[in-house]
Amino acid sequence: MKDNFDLIIIGGGILGTSLSYFLSSLNKSKKIGVIEQEHSVAQHTSSRNTGKVHAPYLYNPEKKKLFAKTAFHGYDMWEQYCKLKNIPFKKDGVIEVAINQKDVKVLEKYHEWGKQNGLKDNDIELMNKEELKKIEPEIKCESALYVHKDASTDYSLCTNAIMQDSKNNNTKFLVNTRVTKIKKSENGWILTLNKKDEIHTKFLINAAGGESINIAHELDTAKNLTDVHFRGEYWKVPKEYNNLTKKSVYSVPEFTEYPFLDPHWIMKVDGSCEIGPNAVPVFSPYGYSKSENIKELIPKTLEMLRSGARKTIFDKQFQKLVMTEIQSSMSKSTMVNRVKKFLPIIDEKKITQKGTAGIRSSVIDQDGKFIPDVILLQGDMSFHILNYNSPGATGALPFSAHVINQLHKTGLFENENMKAQCGPWKFNEIIEKLDG
Ligand SMILES: Cc1cc2nc3c(=O)[nH]c(=O)nc-3n(C[C@H](O)[C@H](O)[C@H](O)COP(=O)(O)OP(=O)(O)OC[C@H]3O[C@@H](n4cnc5c(N)ncnc54)[C@H](O)[C@@H]3O)c2cc1C
């Protein structure tokens with residue numbers, strides 16, 4: 001296969017697909033491609049998640065600025081898009097609970113963050129336990145943050161619909177195709193696909209999710225960073241529990257300095273309920289099974305020991321977190337008990353079926369610290385997106401618009417028409433909202 005592209009995106013998750021949609025809307029005469037190793041888009045994190053369209057109350061407006069901003073705008077964009085495409089989008093809200101006095105202060109901080117990130121008074125309200133009890137009699141807590149502006153959807157359906165729109169703009173989706181080697185050429189890159197075919201591209205965007213750091217390293221970028229993979233596991237609960245609460249319930253995490261939350265009580269868009277996710281360290285971005293983890297155990301351990309992750313591994317607080325997470329992977333009752341703290345009525349014996357696990361890859365710096373926000377790195381004729389974690393699905397549309405605007409402004413990849421109509425939106429208007 002000999003093919004020349006103006007721009008190639010590695011990764012057909014919700015991010016790579018959204019990027020391709022906007023780029024192909026703005027550049028009618030450029031040849032754009034998405035390379036995905038699986039048989040279709042959204043086979044990894046983009047379908048293996050909680051399915052929440054998050055209101056930005058959990059994100060520190062300074063440390064997670066971009067995630068907060070794109071989640072805020074992403075909510076409205078997904079609402080509009082789902083309506084247009086007949087994809088379920090349920091404004092079902094979420095309740096964040098404090099289960100002890102110490103966490104009450106954290107809820108107050110989340111309330112503040114929510115406001116700073118653009119939520120209005122009627123989107124989010126603090127409640128004491130008596131007020132909440134009247135609405136949600138089964139929930140046990142000290143106080144609660146009632147978030148009206150939070151929703152549920154199916155991100156796999158969203159990604160597939162975006163892919164279809166992108167294909168209609170002539171984006172070429174190369175599926176069942178893995179990028180196995182990347183080589184610099186005179187005017188761009190030569191990509192080896194499935195170890196045999198070659199294609200040429202002038203510009204490259206790395207949106208490869210859990211493998212994006214490996215691709216950045218291959219292109220001599222982000223050498224001071226590494227990543228650690230965490231599997232988030234879920235348990236499905238029986239139908240009789242579907243009406244236990246009116247909303248999903250999250251609790252203030254025990255370890256607030258790490259980028260994961262404690263398991264929640266989740267109401268899915270189809271009305272079913274689940275418990276999860278935890279965050280169990282695994283050795284691969286595809287470490288769903290024992291065999292995949294065993295295969296990657298030695299190379300990943302060696303990589304971590306040679307990088308900043310070494311400091312993380314020997315950090316006492318991190319070890320404590322890891323032990324809690326491993327226990328809740330090995331024992332169903334440990335996992336269920338983490339939710340029973342605020343929903344005591346659930347009976348572990350009635351919960352027998354596992355849900356679909358998803359893996360997040362969190363980036364660590366040379367000092368062993370988790371980096372809170374997404375990392376955008378400019379390379380030679382290339383751009384890398386690392387650490388694109390939760391609420392990445394919520395923010396995927398405005399985040400993609402932001403990246404494309406950055407590439408345009410810096411002259412890295414210039415677009416033909418910044419005022420193009422992209423489905424229900426005009427591109428320049430998305431940017432104006434993000435900048436406003
Ligand atoms: C447990 C869990 C729960 C979450 N819950 C939520 C939530 O409720 N709401 C929310 O907004 N966000 C949530 N998130 C975060 C969200 O799911 C992610 O931020 C988002 O899906 C990331 O999308 P992506 O496209 O970057 O990655 P991915 O979906 O992982 O896509 C990357 C793609 O790149 C492909 N790829 C990698 N390397 C190559 C290669 N060499 N060649 C070809 N293809 C390659 C992979 O096959 C993959 O399909 C959750 C995440 C997890 C782990």
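Two strands pair if DSSP finds at least two bridges between them. Strands (E, at least two residues) and helices (H or I, at least four residues) are DSSP runs, numbered from the N terminus. This is a predicted model: local features need pLDDT of at least 70, side-chain atom pairs count only at pLDDT 80 or more, and totals for chains, interfaces and linings use all residues. Residues are numbered from 1 along each chain as its sequence is written.

Start with S4 and strand S8 (residues 151–153). They pair in the antiparallel sense over two bridges. Phe-89 has Thr-153 in S8 as its bridge partner. This pairing belongs to an open sheet of three strands, in the order S3-S8-S4, with antiparallel pairing. Strand S3 (52–53) and strand S4 (89–90) are the edge strands; each pairs on one side only.

Now turn to another sheet. It is open, has three strands in the order S18-S13-S20, and its pairing is antiparallel. Here the edges are strand S18 (280–282) and strand S20 (358–364), each pairing on one side only. On average, neighbouring strands of this sheet are turned by 40° against each other, direction ignored. Such angles are taken between N-to-C directions and run from 0 to 180 degrees; the axes are lines fitted to C-alpha atoms, for helices over the stretch in contact. Strand S13 (residues 226–232) pairs with S18 in the antiparallel sense over three bridges.

Next comes helix H2 (residues 65–85). How far apart are its end C-alpha atoms? They are 30 Å apart, which agrees with the 30 Å that its 21 residues should span at 1.5 Å a residue. The expected span is 1.5 Å times one less than the number of residues. H2 also bends by about 30° at Gly-74. The bend at a residue is the angle between axes fitted to the seven residues ending there and the seven starting there. Just after H2, Asn-86 takes a positive phi of about 65°.

A residue is buried if 20 or more other C-beta atoms lie within 10 Å of its own, exposed if 12 or fewer, and partly exposed in between; C-beta atoms are placed from the backbone. A nonpolar core is a set of buried Ala, Val, Leu, Ile, Met, Phe, Trp, Tyr and Cys residues joined through C-beta atoms within 7 Å. The largest such core has 115 residues, and Leu-19, Tyr-57 and Trp-78 have the most contacts inside it. H2 gives this core its largest share, nine residues. In soluble globular proteins, nonpolar side chains tend to be buried together. Leaving out residues up to four places away in sequence, Tyr-57 touches residues including Tyr-110, Trp-113 and Leu-145. Contact needs C-beta atoms, placed from the backbone, within 7 Å.

Finally, check the loops. The peptide bond from Gly-276 to Pro-277 is cis, with omega near -10°. Pro-277 sits in the loop between strand S17 (273–276) and S18. Ser-390 and Pro-391 are also joined by a cis peptide bond, with omega about 10°. Pro-391 is in the loop between strand S22 (382–386) and helix H11 (392–409).

Ala-42 lies in the loop between strand S2 (32–35) and S3. Asn-176 lies in the loop between strand S9 (172–174) and strand S10 (179–185). Which is buried or exposed? Ala-42 counts as buried because it has 26 C-beta neighbours inside 10 Å. Asn-176 is exposed, with 11 other C-beta atoms within 10 Å.

Definitions and conventions: Contact = placed C-beta atoms within 7 Å.
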